[in-house]
Amino acid sequence: MMDEIASHLIDIVANSVTAHATYISIDIMMDTNKNVLTLHVKDNGIGMDDETEKKVVDPFYTTKKGKKVGLGVPLLKGTAETTGGTFRLSSEVGHGTEIIASFDLTHPDLPPLGNIRDTILILVVGNPDTDFRFRVKNNSKEFILDTKEIKEHLGGVPINHPDVITFLIKYIDENM
Ligand SMILES: Nc1ncnc2c1ncn2[C@@H]1O[C@H](COP(=O)(O)OP(=O)(O)OP(=O)(O)O)[C@@H](O)[C@H]1O
Ligand SMILES: [Mg+2]
């Protein structure tokens, strides 16, 4: 089910979108000297009060209607912590939510990272009204994709237009 870290990321970002975030920054940082992968997701959504913030790591907590379990956050926390990494969530009502998860790249049970290019595309194309800033750092190499900047150049053409998707694929493949 959750066999790639990228799927966790898609889930966590879905929470941000549900929380009415208009801006989501996502950092994916790989340090092969320290053997650490860090995911950092920050949104400007509705946030959570202190009580909710404590409950969110409980699989039986959800605010989705007609659902009994909410697994997005607990699964990410579980994957990070059972493979020797860390998980931290902080949130403030009316300001947003921030999640930092780290993973030990040497742990034998660490799921594969998955396809980062496709993950970026899914998020950007699937949420055309949300602004994203991706920062993908692979040791000293850094790639940044800021959809707000891209949208300014598009002059009204939607970011999920087929020609724009073709451009995005090429841009990511050539620069990331
Ligand atoms: N970024 C966020 N901003 C505000 N609230 C959040 C955020 N992430 C999670 N929550 C709250 O925590 C609850 C649990 O999140 P979680 O992802 O674990 O489960 P879910 O989204 O409810 O269901 P699932 O992910 O299994 O479809 C959400 O229903 C929501 O109330
Ligand atoms: Mg969720």
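Helices α1 and α4 are roughly parallel to each other, where angles under 35 degrees count as roughly parallel, those over 145 as roughly antiparallel, those from 65 to 115 as roughly perpendicular and the rest as oblique. The axes of α1 (residues 5–18) and α4 (residues 116–126) come within 10 Å and cross at roughly 15 degrees, axes being lines fitted to C-alpha atoms, for helices over the stretch in contact, with angles that run from 0 to 180 degrees between N-to-C directions. The crossing of α1 past α4 is right-handed; a crossing is termed right-handed if the near helix is turned clockwise from the far one by less than a right angle, and left-handed if anticlockwise. On the α1 side the contact (heavy atoms within 4.5 Å) is made by Ala6, Leu9, Ile10 and Val13, and on the α4 side by Thr119, Ile122 and Leu123. Helices (H or I, at least four residues) and strands (E, at least two) are DSSP runs, numbered from the N terminus.

The structure is a predicted model, in which local features need pLDDT of at least 70 and side-chain atom pairs count only at pLDDT 80 or more, whereas totals for chains, interfaces and linings use all residues. Residues are numbered from 1 along each chain as its sequence is written, chains are lettered from A and ligands numbered from 1 in the order in which they are written, and side-chain values use heavy atoms, with hydrogens and water left out.

Helix α4 also meets helix α6 (residues 162–175), the axes of the two coming within 10 Å and crossing at roughly 145 degrees, and α4 passes α6 in a right-handed crossing. Here Arg117, Ile120, Leu121, Val124 and Val125 of α4 meet Ile165, Leu168, Ile169, Ile172 and Asp173 of α6. Thr166 likewise lies in helix α6, and its side chain reaches the backbone oxygen of Pro162 at 3.0 Å. The C-alpha atom of Thr166 is separated by 34 Å from that of Gly47, the two residues being 119 residues apart along the chain.

In helix α3 (residues 72–82), the buried residues are Gly72, Val73, Pro74, Leu76, Thr79 and Ala80, where buried means under 20% relative accessible area, exposed over 50% and partly exposed in between, with a 1.4 Å probe and protein chains only. These buried residues of α3 pack against α1, β3 and β4 (96–104). Just after α3, Gly84 takes a positive phi of about 85 degrees. The C-alpha atom of Thr79 is separated by 39 Å from that of Val157, which is 78 residues away along the chain; Val157 has its place in the loop between α5 and α6 and is partly exposed, with a relative accessible area of 37%.

Strand β3 (residues 86–92) contains Ser91, a buried residue with a relative accessible area of 11%. The side chain of Ser91 makes a polar contact with the side chain of Thr97 at 2.8 Å, a polar contact being a pair of N or O atoms within 3.5 Å, of which, within protein, one must be able to donate a hydrogen and the other to accept it, while residues adjacent in sequence count only if both atoms are side-chain atoms. When neighbours within four places in sequence are left aside, Ser91 is in contact with Gly47, Met48, Glu53, Gly96 and Thr97.

With a salt bridge taken as a side-chain nitrogen of Lys or Arg within 4 Å of a carboxyl oxygen of Asp or Glu, the count comes to 8 salt bridges. One of them joins the side chains of Arg135 and Asp27, at 3.2 Å from N to O, and this pair links distant parts of the chain, 108 residues apart, with Arg135 in strand β5 (residues 131–138) and Asp27 in strand β1 (residues 23–31). Both partners are buried, Arg135 at 19% relative accessibility and Asp27 at 11%. The side chain of Arg135 also meets that of Glu142 in a salt bridge of 2.6 Å, N to O, and Glu142 is partly exposed, with a relative accessible area of 40%.

Because Asp131 lies in strand β5 and Lys151 in helix α5 (residues 147–154), the pair ties together parts that are 20 residues apart in sequence. Asp131 is buried, with a relative accessible area of 14%, whereas Lys151 counts as partly exposed at 24% relative accessibility.
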